[in-house]
Amino acid sequence: MEIEQDIRLTDKDVDEALMVVTSSKQLQDVKMKFLGKTGRISELMKCMRDVIAEKKREVGQMLNELRVRTEDKFNVLNEKFKKKELEERYASETIDVTMPGKKSESGSFHPNTLVRGELISIFSGMGFEVFEGPEIENDYYNFTALNTPADHPARDMQDTFYLSPELLLRTQTSAGQIRVMENKKPPIKILSPGKVYRSDDDATHSPMFSQMEGLVVDKGITLCDLKGMLDEFAKKVFGDDVKTRLRPSYFPFTEPSVEVDVSCFECGGKGCRLCKGTGWIEVLGAGMVNRRVLEGCDIDPDKYSGFAFGMGIERIAMLKYGINNMKLLFEGDVRFLKQFKD
Ligand code: DAH
């Protein structure tokens, strides 16, 4: 074939190839086919050396025009595709600033944490300091030193998880009282929050739950001091109109021992479902520290006296927030937990 014919054909083929191109990427491929190092136009250039001398000028000019024209066509199309693709990108990446934003959920405190924090804040306002004892306790601190020796019937009040004959999971934060009194002499005013364990499991009991213990020892402490402090505590936790009453009870480590009720904050004392018609709700155990417990800790019971109290944190949380099943406090269901905001 004559080279002139080949040049004209190439020109036509360029137009045909460009007609079906739809993106700058495809355009680049086509460009390589014609203008690349081994492309058709470059190959034609190489054929120049075989062209006879008289035609060299004319063919050279034709080839050069073909190259320049082809480059121009590519450049024009390239501009067009680049512009179109940029517009498409802008359109796809547009942010509608009027759309509602994605909300990141904020967490909430567990009801136990809320109550524990509230109690600590109330009692530290009255001068109590926080002491946290160990959850794995010696039998001595959990029972014996609390005037509950091995054969004492009161041990049956708390079904204990023993780890060994000497070690157990503490059944009451009262164990902390002894640890404090062994190390510190009066005046003592401590609060001891923490987890406790008992082999017990139903709608109002769990094998693991939390207690808050309080202990005050000083000269001249009486049951009136306990009652006054409890009145203050009950008003702060359950409301200003709430009253307290003491009922006689028994705990080995206190004498006398009392059970403390608050007047029902739901019905104001008239009687309702919450207080089971009695007008009163039991919230904690308390009493004057037994002389034998003080003696065991080398504190002279003729010089010093004290009161102690212990309450279940879950129980307070259930009363305060109207929760009817203790299991809800241990399941970790976010739908339940997120209802509690400080
Ligand atoms: N430790 C008792 C219990 O778990 C509660 C208690 C009662 C604690 C009387 C006290 C107290 O400090 O004085 O049932």
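1. Helix H4 (residues 53-93) has 41 residues, which at 1.5 Å a residue should span 60 Å; its end C-alpha atoms lie 59 Å apart, so the two values agree. The expected span is taken as 1.5 Å times one less than the number of residues in the helix. Helices (H or I, at least four residues) and strands (E, at least two) are DSSP runs, numbered from the N terminus.

2. Basis of the note. This is a predicted model, in which local features need pLDDT of at least 70 and side-chain atom pairs count only at pLDDT 80 or more, while totals for chains, interfaces and linings use all residues. Residues are numbered from 1 along each chain as its sequence is written, and side-chain values use heavy atoms, with hydrogens and water left out.

3. The buried residues of H4 are Val 59, Met 62, Leu 63, Leu 66, Thr 70, Phe 74, Leu 77 and Phe 81. Here buried means under 20% relative accessible area, exposed means over 50%, and partly exposed lies in between (1.4 Å probe, protein chains only). An α-helix has 3.6 residues a turn, so residues three or four places apart point the same way. The cover over the buried residues of H4 includes helix H1 (3-19), helix H2 (24-35) and helix H3 (40-46); contact means heavy atoms within 4.5 Å.

4. The largest nonpolar core. This core has 36 residues, and those with the most contacts inside it are Leu 119, Phe 123, Met 229, Phe 233, Leu 284, Phe 309 and Met 311. At least two of its residues come from each of helix H5 (111-125), strand E5 (208-218), helix H8 (223-238), strand E7 (254-263), strand E8 (280-289), strand E9 (305-312) and helix H10 (313-321). H8 gives the largest share, seven residues. A nonpolar core is a set of buried Ala, Val, Leu, Ile, Met, Phe, Trp, Tyr and Cys residues joined through side-chain atoms within 4.5 Å. Apart from neighbours within four places in sequence, Met 229 is in contact with Phe 123, Met 126, Phe 128, Phe 307 and Phe 309.

5. The second core. A separate core of 21 residues includes Ile 3, Val 21, Val 59 and Phe 81. Val 59 and Phe 81 are also among the buried residues of H4.

6. The sheet. Seven strands make an open sheet of mixed pairing, in the order E1-E4-E5-E9-E8-E7-E6. Strand E1 (129-130) and strand E6 (244-251) are at the edges with a single partner strand each, so one side of each has no neighbour in the sheet. Two strands count as paired if DSSP finds at least two bridges between them.

7. Strand pairs. E5 and E9 are antiparallel over eight bridges, with Leu 215 opposite Ala 308 in E9. Five bridges join the antiparallel strands E8 and E9, where Gly 285 stands opposite Gly 310 in E9. E7 and E8 also run antiparallel, joined by eight bridges, and Thr 254 has Val 289 in E8 as a bridge partner. Seven bridges join E6 to E7 in the antiparallel sense, and a hairpin of two residues connects these strands. Eight of the ten residues of E8 are buried.

8. Helices on the sheet. Helix H7 (residues 175-183) lies across strand E4 (188-197), E5 and E9, at about 35° to E5. H10 also packs on the sheet, touching E5, E8 and E9, and its direction makes about 150° with that of E8. Axes are lines fitted to C-alpha atoms, for helices over the stretch in contact, and angles run from 0 to 180 degrees between N-to-C directions.

9. Cysteines. A search of the whole structure finds zero disulfides, a disulfide being a pair of cysteine sulfur atoms within 2.5 Å. The sulfur of Cys 267 has its closest cysteine sulfur in Cys 264, at 3.6 Å, which is too far for a bond. Cys 267 is buried at 12% relative accessible area, and Cys 297 is buried at 4%.

10. Backbone points to inspect. The peptide bond from Pro 186 to Pro 187 is cis, with omega near 5°, and Pro 187 is in the loop between H7 and E4. Another cis peptide bond joins Glu 255 and Pro 256, with omega about 0°; Pro 256 is in strand E7. Asp 298, although not a glycine, has a positive phi of about 65° and counts as exposed at 67% relative accessibility.
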